[in-house]
Amino acid sequence: MTVLAAAASQTSTGEAVQFWILGTVAVLGALSTVLMKKAVHSALSLAGTMIVLAVFYLANGAYFLGVVQIVVYTGAIMMLFLFVVMLVGVTAADSLKETIRGQRWLAAGCGLGFGVLLIAGIGNASLNSFNGLGVANAQHGGNVEGLASLIFTKYVFAFEITGALLITATVGAMVLTHRERTERARTQRELSEARVRGSQLPPLPAPGVYARHNAVDIPGLLPDGTPSELTVMRTLRERGQVRDVSGESLEQLRALEQRSEERLGRDNEDEEVAK
């Protein structure tokens, strides 16, 4: 047992190289999470940091924690948070005005306290010697077996209380978001009638007035000669980019076409005379 503990407390060259490389990546990811301007980039940096932590767990023999870190935290929670941020959309136009007075000083104090605890923990770990996970896993026949033995024997009450708190929080969130129905639920027929009431059921007519002009900004004409607004998309109508196809505009277009034909005819006659 003494030899096993001594072997577990020693650090090989490969472990040291792995620690310094992945530790640098984890620190850079953590800094990027705080310093990135876009929330999506911060979420991706945090996911990368969690993956590096999972690799640390696996390298130290904590296989259960490593798998849980990847499956639960990185694969489920972080990806869900990332998808929500991408769907909702967080832009630089969002207000950065401080809504809670003194929250920045409070955050700075919490960060300073966390830094002191982190430095104290690292100093304590460097001064004392630990047996490592190798001895703990050997006592119970494996990492998963050791965790199960601790959770369901020594820490069973803390585990149950934590589960009760999580269930209470879930039920509380459901109660807070629940809305009491004050009216009768509408049937499927009523819902379908509400969807089609006042809307255009058949396909919209195609744009364009003449065979030579079928642009999307030219409204089509109704049988009485008036333009139909349904033939032009709503975006162009709101922008005011719809061409005028009134009677006066059509007369001006006909006159322009006639002058063009006359000018082209004169040019052809001049070319024939020149020949």
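Guide: Let us begin with T74, which is called buried because its relative accessible area is 7%, and buried means under 20%, whereas exposed means over 50% and partly exposed lies in between, with a 1.4 Å probe and protein chains only. This is a predicted model, in which local features need pLDDT of at least 70 and side-chain atom pairs count only at pLDDT 80 or more, while totals for chains, interfaces and linings use all residues. Residues are numbered from 1 along each chain as its sequence is written, and side-chain values use heavy atoms, with hydrogens and water left out.

Visitor: Where does T74 lie, and which residues does T74 touch?

Guide: T74 belongs to helix 4, residues 63-88, where a helix is a DSSP run of H or I with at least four residues, a strand is a run of E with at least two, and both are numbered from the N terminus. Leaving aside residues up to four places away in sequence, T74 touches A47, M50, I51, Q69 and M79, and such a contact means heavy atoms within 4.5 Å.

Visitor: Why is T231 called buried?

Guide: Its relative accessible area is 8%, which is under 20%, and therefore the word buried applies. T231 is found in the loop between helix 9 (188-196) and helix 10 (234-239).

Visitor: How many aromatic pairs are there, and what makes a pair?

Guide: The count comes to three aromatic pairs, where rings of Phe, Tyr and Trp (its six-membered ring) pair if their centres lie within 6.5 Å, and planes under 30 degrees apart count as stacked, over 60 as edge-to-face and the rest as tilted. The rings of F19 and F56 have centres 5.9 Å apart and planes at 40°, so this pair is tilted. F19 lies in helix 2 (residues 13-35) and F56 in helix 3 (residues 39-59), so the pair ties together parts that are 37 residues apart in sequence.

Visitor: What makes the pair of F152 and F159 edge-to-face?

Guide: Their ring centres are 5.8 Å apart and their planes stand at 65°, so the pair is edge-to-face. F152 counts as exposed because its relative accessibility is 52%.
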